[in-house]
Amino acid sequence: MSVPVAGLPSRLLLSALTGAGRFCVLGSGVARGKAVPARNLRGLSDLHPQLLPSQNFKDSPSWLPKKPSEPRSYITNPNLATTLVQILQEENRNPHQLFLECNPGPGILTQALLESQAKVIALECNRTFLPHLKSLRKKVNKKLEVVHCDFFKLDPRNSGIVKPPIMLSETLFQSMGIEALPWSEDNPLKVVGIFPAKNEKKILWKLLYDLYSSTSIYSYGRVQLNMFIAEKEYEKLVAGPHNSLYQPLSVLWQVACDIKLLHMESLEQINKQMGQNMCFIQLTPRQNLFTENLTSVNYDVFFHMLKQCFMKRYGTLMDHLQSLSPVNAVSILKQIEKDEYMKITDLYPEDFKLLFEAIECSRESCRWLFDDSIEDIVL
(Lines give C-alpha, C1' and ligand atoms only; values in the text may rest on other atoms or scores of the structure.)
Protein backbone atom coordinates (compact mmCIF):
# COMPACT_ATOMS: atom_id res chain seq x y z
CA MET A 1 0.00 0.00 0.00
CA SER A 2 1.34 3.43 -0.87
CA VAL A 3 2.24 5.83 1.92
CA PRO A 4 1.43 9.49 1.18
CA VAL A 5 4.13 11.86 2.36
CA ALA A 6 3.43 15.02 0.39
CA GLY A 7 3.04 17.98 2.67
CA LEU A 8 4.43 16.18 5.73
CA PRO A 9 6.93 18.29 7.73
CA SER A 10 10.54 17.20 7.33
CA ARG A 11 10.90 16.23 10.99
CA LEU A 12 8.03 13.75 10.58
CA LEU A 13 8.96 12.51 7.11
CA LEU A 14 11.39 9.91 8.46
CA SER A 15 8.74 7.50 9.71
CA ALA A 16 6.66 7.57 6.56
CA LEU A 17 9.69 6.79 4.39
CA THR A 18 11.28 4.14 6.58
CA GLY A 19 8.23 2.43 8.08
CA ALA A 20 9.61 3.33 11.47
CA GLY A 21 7.95 0.87 13.74
CA ARG A 22 4.29 0.09 14.18
CA PHE A 23 3.78 2.93 16.64
CA CYS A 24 5.69 6.03 17.51
CA VAL A 25 5.46 8.29 20.53
CA LEU A 26 5.76 12.04 20.03
CA GLY A 27 6.18 14.65 22.70
CA SER A 28 7.79 12.37 25.28
CA GLY A 29 11.35 13.37 24.54
CA VAL A 30 12.42 10.27 22.57
CA ALA A 31 11.01 7.76 20.12
CA ARG A 32 12.44 4.30 19.79
CA GLY A 33 11.37 0.69 19.43
CA LYS A 34 12.58 -2.87 19.64
CA ALA A 35 11.23 -6.30 18.93
CA VAL A 36 9.04 -7.74 21.67
CA PRO A 37 8.60 -11.51 21.80
CA ALA A 38 5.12 -12.93 21.47
CA ARG A 39 3.40 -13.81 24.72
CA ASN A 40 0.82 -16.37 25.66
CA LEU A 41 -2.46 -14.51 25.16
CA ARG A 42 -4.77 -17.35 26.15
CA GLY A 43 -7.55 -16.17 28.41
CA LEU A 44 -7.50 -12.57 27.28
CA SER A 45 -10.04 -13.09 24.52
CA ASP A 46 -11.89 -15.76 22.63
CA LEU A 47 -10.48 -14.26 19.45
CA HIS A 48 -6.91 -15.35 20.33
CA PRO A 49 -5.26 -12.33 18.63
CA GLN A 50 -1.61 -12.65 17.68
CA LEU A 51 1.02 -10.36 19.13
CA LEU A 52 3.15 -8.98 16.30
CA PRO A 53 6.76 -7.84 16.82
CA SER A 54 7.80 -4.22 16.36
CA GLN A 55 10.26 -3.08 13.70
CA ASN A 56 13.37 -1.32 14.94
CA PHE A 57 14.04 2.32 14.25
CA LYS A 58 16.71 4.65 15.50
CA ASP A 59 16.35 7.60 17.83
CA SER A 60 16.28 10.77 15.79
CA PRO A 61 16.29 14.43 16.81
CA SER A 62 13.98 15.08 13.85
CA TRP A 63 11.19 13.43 15.85
CA LEU A 64 11.45 15.81 18.79
CA PRO A 65 8.77 18.50 19.05
CA LYS A 66 9.99 22.08 19.05
CA LYS A 67 8.16 22.60 22.34
CA PRO A 68 7.39 20.12 25.12
CA SER A 69 3.96 18.58 24.60
CA GLU A 70 1.73 15.80 25.87
CA PRO A 71 3.07 12.40 24.68
CA ARG A 72 0.86 10.89 21.99
CA SER A 73 1.15 7.64 20.09
CA TYR A 74 0.61 7.40 16.34
CA ILE A 75 0.30 4.48 13.95
CA THR A 76 3.23 4.68 11.55
CA ASN A 77 3.28 1.21 9.99
CA PRO A 78 1.18 0.66 6.81
CA ASN A 79 0.92 -3.08 7.51
CA LEU A 80 -0.59 -2.45 10.93
CA ALA A 81 -3.00 0.06 9.40
CA THR A 82 -4.10 -2.51 6.80
CA THR A 83 -4.60 -5.12 9.54
CA LEU A 84 -6.79 -2.76 11.55
CA VAL A 85 -8.91 -1.86 8.52
CA GLN A 86 -9.44 -5.55 7.73
CA ILE A 87 -10.55 -6.14 11.33
CA LEU A 88 -12.95 -3.21 11.20
CA GLN A 89 -14.35 -4.42 7.87
CA GLU A 90 -15.01 -7.86 9.36
CA GLU A 91 -16.91 -6.19 12.19
CA ASN A 92 -18.93 -4.02 9.82
CA ARG A 93 -19.99 -4.86 6.26
CA ASN A 94 -20.79 -1.28 5.20
CA PRO A 95 -18.11 -0.35 2.59
CA HIS A 96 -18.84 3.36 3.02
CA GLN A 97 -18.60 3.39 6.80
CA LEU A 98 -18.10 6.80 8.45
CA PHE A 99 -15.15 6.93 10.86
CA LEU A 100 -14.21 9.67 13.29
CA GLU A 101 -10.43 9.24 13.56
CA CYS A 102 -8.79 10.67 16.69
CA ASN A 103 -5.38 12.29 16.21
CA PRO A 104 -4.37 10.49 12.99
CA GLY A 105 -0.94 12.19 12.99
CA PRO A 106 0.92 11.24 9.79
CA GLY A 107 -2.29 9.77 8.35
CA ILE A 108 -1.17 6.18 7.79
CA LEU A 109 -4.41 4.71 9.14
CA THR A 110 -6.37 7.49 7.43
CA GLN A 111 -4.96 6.42 4.06
CA ALA A 112 -5.83 2.77 4.71
CA LEU A 113 -9.40 3.64 5.71
CA LEU A 114 -9.87 5.75 2.60
CA GLU A 115 -8.54 2.98 0.36
CA SER A 116 -11.19 0.68 1.83
CA GLN A 117 -13.87 3.11 0.55
CA ALA A 118 -14.68 4.39 4.05
CA LYS A 119 -15.36 8.04 4.78
CA VAL A 120 -13.19 9.70 7.41
CA ILE A 121 -13.44 12.77 9.61
CA ALA A 122 -9.90 13.31 10.88
CA LEU A 123 -9.75 15.14 14.20
CA GLU A 124 -6.16 16.27 14.71
CA CYS A 125 -5.09 18.35 17.71
CA ASN A 126 -1.50 18.91 16.53
CA ARG A 127 -1.27 21.72 13.97
CA THR A 128 1.95 20.20 12.63
CA PHE A 129 0.02 17.42 10.90
CA LEU A 130 -2.82 19.53 9.48
CA PRO A 131 -1.16 20.60 6.18
CA HIS A 132 -0.35 16.99 5.33
CA LEU A 133 -3.85 15.76 6.14
CA LYS A 134 -5.40 18.59 4.13
CA SER A 135 -3.19 17.75 1.17
CA LEU A 136 -4.47 14.18 1.38
CA ARG A 137 -8.04 15.52 1.43
CA LYS A 138 -7.52 17.12 -2.00
CA LYS A 139 -6.78 13.69 -3.48
CA VAL A 140 -9.97 11.98 -2.29
CA ASN A 141 -13.24 13.40 -3.51
CA LYS A 142 -15.22 14.47 -0.40
CA LYS A 143 -14.30 11.28 1.46
CA LEU A 144 -12.08 13.04 4.00
CA GLU A 145 -12.74 16.00 6.28
CA VAL A 146 -9.97 17.45 8.42
CA VAL A 147 -10.74 19.34 11.63
CA HIS A 148 -8.38 20.95 14.13
CA CYS A 149 -9.88 19.25 17.17
CA ASP A 150 -8.91 17.08 20.13
CA PHE A 151 -11.53 14.33 20.46
CA PHE A 152 -10.48 13.64 24.04
CA LYS A 153 -11.22 17.22 25.05
CA LEU A 154 -14.66 17.50 23.47
CA ASP A 155 -17.29 19.18 25.65
CA PRO A 156 -15.11 20.25 28.60
CA ARG A 157 -17.05 20.38 31.86
CA ASN A 158 -15.62 23.80 32.70
CA SER A 159 -16.16 25.09 29.18
CA GLY A 160 -15.65 28.86 29.41
CA ILE A 161 -14.30 30.10 26.09
CA VAL A 162 -14.00 27.14 23.72
CA LYS A 163 -11.55 27.38 20.84
CA PRO A 164 -9.72 24.77 18.71
CA PRO A 165 -8.47 22.19 19.35
CA ILE A 166 -11.13 22.15 22.10
CA MET A 167 -14.63 21.95 20.63
CA LEU A 168 -18.24 21.22 21.48
CA SER A 169 -19.55 18.00 19.95
CA GLU A 170 -22.71 19.78 18.87
CA THR A 171 -20.68 22.30 16.86
CA LEU A 172 -18.52 19.55 15.34
CA PHE A 173 -21.36 17.19 14.43
CA GLN A 174 -23.59 19.89 12.98
CA SER A 175 -20.76 21.18 10.80
CA MET A 176 -20.19 17.63 9.52
CA GLY A 177 -23.90 17.01 8.90
CA ILE A 178 -24.12 14.23 11.49
CA GLU A 179 -27.62 13.75 12.86
CA ALA A 180 -28.69 12.34 16.22
CA LEU A 181 -30.28 8.87 16.21
CA PRO A 182 -32.53 7.16 18.76
CA TRP A 183 -30.72 4.95 21.28
CA SER A 184 -32.61 1.94 19.91
CA GLU A 185 -30.98 2.26 16.48
CA ASP A 186 -27.50 1.19 15.39
CA ASN A 187 -25.30 4.22 14.90
CA PRO A 188 -23.33 4.37 11.63
CA LEU A 189 -20.63 6.52 13.25
CA LYS A 190 -17.52 4.69 14.49
CA VAL A 191 -14.67 6.31 16.41
CA VAL A 192 -11.14 4.97 15.95
CA GLY A 193 -7.87 6.00 17.57
CA ILE A 194 -5.47 5.59 20.50
CA PHE A 195 -6.20 6.62 24.07
CA PRO A 196 -3.49 9.04 25.30
CA ALA A 197 -1.38 7.05 27.77
CA LYS A 198 -1.06 9.93 30.20
CA ASN A 199 -4.79 10.42 30.77
CA GLU A 200 -6.37 7.03 29.99
CA LYS A 201 -8.17 6.65 33.31
CA LYS A 202 -9.44 10.23 33.33
CA ILE A 203 -10.71 9.88 29.76
CA LEU A 204 -12.42 6.56 30.52
CA TRP A 205 -14.30 8.17 33.41
CA LYS A 206 -15.32 11.19 31.34
CA LEU A 207 -16.64 8.91 28.61
CA LEU A 208 -18.62 6.96 31.20
CA TYR A 209 -20.29 10.11 32.48
CA ASP A 210 -21.06 11.16 28.91
CA LEU A 211 -22.42 7.71 28.06
CA TYR A 212 -24.69 7.28 31.09
CA SER A 213 -25.96 10.86 30.84
CA SER A 214 -26.46 10.59 27.05
CA THR A 215 -24.47 13.76 26.50
CA SER A 216 -21.52 14.78 24.28
CA ILE A 217 -21.04 12.21 21.48
CA TYR A 218 -23.64 9.93 23.07
CA SER A 219 -26.36 12.52 22.63
CA TYR A 220 -26.16 11.40 18.98
CA GLY A 221 -26.84 7.76 19.82
CA ARG A 222 -24.91 4.57 20.48
CA VAL A 223 -21.56 5.69 19.06
CA GLN A 224 -19.06 2.82 18.91
CA LEU A 225 -15.43 3.28 20.02
CA ASN A 226 -12.60 1.27 18.42
CA MET A 227 -9.53 2.27 20.39
CA PHE A 228 -6.04 1.20 21.33
CA ILE A 229 -5.65 1.11 25.10
CA ALA A 230 -2.82 0.01 27.39
CA GLU A 231 -3.15 -3.65 28.35
CA LYS A 232 -3.21 -2.83 32.07
CA GLU A 233 -6.22 -0.52 31.57
CA TYR A 234 -7.98 -3.07 29.37
CA GLU A 235 -7.59 -5.68 32.11
CA LYS A 236 -9.31 -3.32 34.53
CA LEU A 237 -12.22 -2.83 32.12
CA VAL A 238 -12.90 -6.56 31.77
CA ALA A 239 -12.03 -7.63 35.34
CA GLY A 240 -14.70 -9.65 37.11
CA PRO A 241 -15.54 -10.90 40.62
CA HIS A 242 -12.63 -12.15 42.77
CA ASN A 243 -10.14 -10.24 40.60
CA SER A 244 -8.08 -7.64 42.47
CA LEU A 245 -8.54 -5.27 39.50
CA TYR A 246 -12.36 -5.42 39.81
CA GLN A 247 -13.62 -1.90 40.52
CA PRO A 248 -16.43 0.57 39.72
CA LEU A 249 -14.80 1.29 36.34
CA SER A 250 -15.08 -2.42 35.46
CA VAL A 251 -18.74 -2.64 36.48
CA LEU A 252 -19.81 0.55 34.73
CA TRP A 253 -18.16 -0.26 31.39
CA GLN A 254 -19.38 -3.86 31.37
CA VAL A 255 -22.93 -2.81 32.21
CA ALA A 256 -22.88 -0.09 29.54
CA CYS A 257 -21.04 -1.76 26.67
CA ASP A 258 -20.24 -4.95 24.87
CA ILE A 259 -16.44 -5.02 25.17
CA LYS A 260 -14.52 -6.92 22.54
CA LEU A 261 -10.75 -7.40 22.17
CA LEU A 262 -10.02 -7.14 18.45
CA HIS A 263 -6.23 -7.15 18.28
CA MET A 264 -3.07 -6.80 20.36
CA GLU A 265 0.17 -5.02 19.53
CA SER A 266 3.48 -4.52 21.26
CA LEU A 267 4.60 -0.99 22.01
CA GLU A 268 7.76 0.07 23.75
CA GLN A 269 6.63 3.14 25.63
CA ILE A 270 8.77 5.64 27.43
CA ASN A 271 8.18 6.82 31.02
CA LYS A 272 8.70 3.41 32.68
CA GLN A 273 6.30 1.57 30.39
CA MET A 274 8.89 -0.54 28.62
CA GLY A 275 7.37 -3.38 26.62
CA GLN A 276 3.80 -2.22 27.24
CA ASN A 277 1.22 -4.08 25.15
CA MET A 278 -1.57 -2.18 23.45
CA CYS A 279 -5.03 -3.68 23.04
CA PHE A 280 -7.30 -2.65 20.17
CA ILE A 281 -10.76 -2.90 21.72
CA GLN A 282 -14.32 -2.23 20.63
CA LEU A 283 -16.80 -0.58 23.00
CA THR A 284 -20.38 -0.85 21.71
CA PRO A 285 -23.07 0.71 23.95
CA ARG A 286 -25.80 -1.75 24.85
CA GLN A 287 -29.24 -1.12 23.44
CA ASN A 288 -30.78 -2.22 26.75
CA LEU A 289 -28.54 -0.09 28.98
CA PHE A 290 -31.34 2.24 30.04
CA THR A 291 -34.42 0.91 31.75
CA GLU A 292 -37.36 2.32 33.66
CA ASN A 293 -35.21 2.38 36.80
CA LEU A 294 -31.77 3.23 35.37
CA THR A 295 -31.92 6.35 33.25
CA SER A 296 -29.78 9.24 32.07
CA VAL A 297 -31.32 11.21 34.96
CA ASN A 298 -30.54 8.96 37.93
CA TYR A 299 -27.33 7.34 36.65
CA ASP A 300 -25.26 9.41 39.10
CA VAL A 301 -26.91 7.55 42.00
CA PHE A 302 -25.78 4.28 40.39
CA PHE A 303 -22.23 5.66 40.21
CA HIS A 304 -22.46 6.68 43.87
CA MET A 305 -23.70 3.25 44.92
CA LEU A 306 -20.78 1.51 43.21
CA LYS A 307 -18.15 3.86 44.63
CA GLN A 308 -19.52 3.38 48.14
CA CYS A 309 -19.63 -0.41 47.73
CA PHE A 310 -16.03 -0.68 46.56
CA MET A 311 -14.77 1.57 49.35
CA LYS A 312 -15.22 -1.56 51.49
CA ARG A 313 -14.86 -4.20 48.81
CA TYR A 314 -14.80 -7.15 51.23
CA GLY A 315 -17.87 -6.09 53.21
CA THR A 316 -21.00 -8.26 53.10
CA LEU A 317 -23.93 -7.39 50.89
CA MET A 318 -26.19 -6.97 53.92
CA ASP A 319 -23.81 -4.49 55.57
CA HIS A 320 -23.61 -2.43 52.39
CA LEU A 321 -27.36 -2.43 51.86
CA GLN A 322 -27.94 -1.09 55.36
CA SER A 323 -25.49 1.76 54.76
CA LEU A 324 -26.76 2.49 51.25
CA SER A 325 -30.51 2.54 51.71
CA PRO A 326 -33.25 2.64 54.37
CA VAL A 327 -35.26 0.21 52.22
CA ASN A 328 -35.81 -3.25 53.73
CA ALA A 329 -32.57 -5.09 52.96
CA VAL A 330 -34.05 -8.58 53.37
CA SER A 331 -36.74 -7.79 50.82
CA ILE A 332 -34.21 -6.44 48.33
CA LEU A 333 -32.02 -9.54 48.68
CA LYS A 334 -35.00 -11.78 47.98
CA GLN A 335 -35.81 -9.81 44.83
CA ILE A 336 -32.32 -10.18 43.40
CA GLU A 337 -31.95 -13.74 44.79
CA LYS A 338 -28.70 -13.10 46.65
CA ASP A 339 -27.46 -14.28 50.04
CA GLU A 340 -26.92 -11.68 52.76
CA TYR A 341 -23.43 -13.01 53.50
CA MET A 342 -22.19 -12.58 49.94
CA LYS A 343 -19.37 -10.09 49.57
CA ILE A 344 -19.45 -7.18 47.15
CA THR A 345 -16.64 -8.79 45.17
CA ASP A 346 -18.90 -11.82 44.58
CA LEU A 347 -21.35 -9.76 42.51
CA TYR A 348 -21.16 -9.60 38.72
CA PRO A 349 -21.74 -6.27 36.90
CA GLU A 350 -25.31 -7.25 35.99
CA ASP A 351 -25.96 -8.04 39.67
CA PHE A 352 -25.08 -4.47 40.63
CA LYS A 353 -27.51 -3.19 38.04
CA LEU A 354 -30.26 -5.47 39.38
CA LEU A 355 -29.52 -4.32 42.92
CA PHE A 356 -29.75 -0.68 41.94
CA GLU A 357 -32.99 -1.18 40.03
CA ALA A 358 -34.53 -3.15 42.90
CA ILE A 359 -33.89 -0.27 45.30
CA GLU A 360 -35.01 2.33 42.76
CA CYS A 361 -38.37 0.67 42.16
CA SER A 362 -39.08 0.50 45.88
CA ARG A 363 -42.15 2.40 47.04
CA GLU A 364 -40.23 3.99 49.90
CA SER A 365 -40.17 7.79 49.73
CA CYS A 366 -36.50 7.81 50.78
CA ARG A 367 -34.47 5.20 48.92
CA TRP A 368 -30.84 6.22 49.36
CA LEU A 369 -28.45 7.30 52.10
CA PHE A 370 -25.69 9.51 50.73
CA ASP A 371 -22.16 10.17 51.81
CA ASP A 372 -21.23 13.33 49.92
CA SER A 373 -17.55 12.88 50.75
CA ILE A 374 -17.11 10.19 48.11
CA GLU A 375 -18.88 11.93 45.23
CA ASP A 376 -15.67 13.17 43.65
CA ILE A 377 -13.60 10.04 44.26
CA VAL A 378 -12.42 8.21 41.15
CA LEU A 379 -11.40 4.68 42.10
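These exercises work through salt bridges in the structure above.

The model is predicted: local features need pLDDT of at least 70, side-chain atom pairs count only at pLDDT 80 or more, and totals for chains, interfaces and linings use all residues. Residues are numbered from 1 along each chain as its sequence is written, and side-chain values use heavy atoms, with hydrogens and water left out.

**Exercise 1.** Find how many salt bridges the whole structure holds.

Solution. Start with the criterion: a side-chain nitrogen of Lys or Arg within 4 Å of a carboxyl oxygen of Asp or Glu. A search of the whole structure then gives seven.

**Exercise 2.** Work out which parts the salt bridge between K260 and E91 ties together.

Solution. Take the distance: the closest N and O atoms of K260 and E91 are 3.2 Å apart. Next, place the residues. K260 sits in strand β9 (residues 257–266) and E91 in helix α2 (residues 78–91), so the bridge ties together parts 169 residues apart in sequence. Helices (H or I, at least four residues) and strands (E, at least two) are DSSP runs, numbered from the N terminus. Now check accessibility. Buried means under 20% relative accessible area, exposed over 50%, partly exposed in between (1.4 Å probe, protein chains only). K260, at 29%, is partly exposed. E91, at 34%, is partly exposed.
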